[in-house]
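Here are some notes for you to read beside the model, written as numbered points. Please keep the sequence and the 3D view open while you go through them.

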Amino acid sequence: MQQHQMPELDRDILRLMYMRIGTHAMIIEGITPEEYPPLVKRFIADTKKKKPSRSLDFLELLDKDLTEVKYRLIKVENFFVYNIDLFAEDVDPDKATRAMGMLRGMYQGGGMSQLMFTRPSANLDYNSRKGFTYMDNHPLGNWCEFYRIEEGRLISQAYPIRQQPLDQSLLSW
């Protein structure tokens, strides 16, 4: 009988996520478009194995009543959120900011571990949009740990929002 081998990246993410005691929040960016669908699918399946847990598509969250969502998440201990993007062309930055604020509040309420994946080519950089700056109480702030996938490896990163190369086409408003 053939055993399923967990990809090394999955093991690294799980090790970081679950080796901690108490609450933990981490956001991972830099997942390639090819890696993204199977990685999200595997982590949705992994989240279903843990109780109480929940997986949620961030882009679907933007159009929901956040008070109701928060109420439904109160007893969730393991929360996986994917498709995070704050400033893509098809994302309302105000709704995205409110949704990230709700996630931040859920984490700070205690008892919840959050694993968040940005979608490929996500734009989290407040400095890339007119009227927004990083210092405008960024919804990612310092409440979660940042990681980036580079060459198939998980790399810890401080404030990646400021370090990402700015797409100059976003500046033409």
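1. The buried residues of H2 are Tyr36, Leu39, Val40, Phe43, Asp46 and Thr47, where buried means under 20% relative accessible area, exposed over 50% and partly exposed in between (1.4 Å probe, protein chains only). Because these residues cover an arc of only 125 degrees around the axis, they sit on the same side of H2; the arc is that of the directions from the helix axis to the C-beta atoms. The face turned away from this buried side carries the exposed residues Pro37, Lys41, Lys48 and Lys49.

2. This is a predicted model, in which local features need pLDDT of at least 70 and side-chain atom pairs count only at pLDDT 80 or more, while totals for chains, interfaces and linings use all residues. Residues are numbered from 1 along each chain as its sequence is written, and side-chain values use heavy atoms, with hydrogens and water left out.

3. Four aromatic pairs are counted, a pair being rings of Phe, Tyr and Trp (its six-membered ring) with centres within 6.5 Å, called stacked if the planes are under 30 degrees apart, edge-to-face if over 60 and tilted otherwise. Phe43 and Phe80 form a tilted pair, 6.0 Å centre to centre with 40 degrees between the planes, and this pair links helix H2 (residues 36-49) to strand E3 (residues 78-84) across 37 residues; helices (H or I, at least four residues) and strands (E, at least two) are DSSP runs, numbered from the N terminus.

4. Both Phe43 and Phe80 are buried. Phe43 also pairs edge-to-face with Phe117, at 5.4 Å centre to centre and 75 degrees between the planes.
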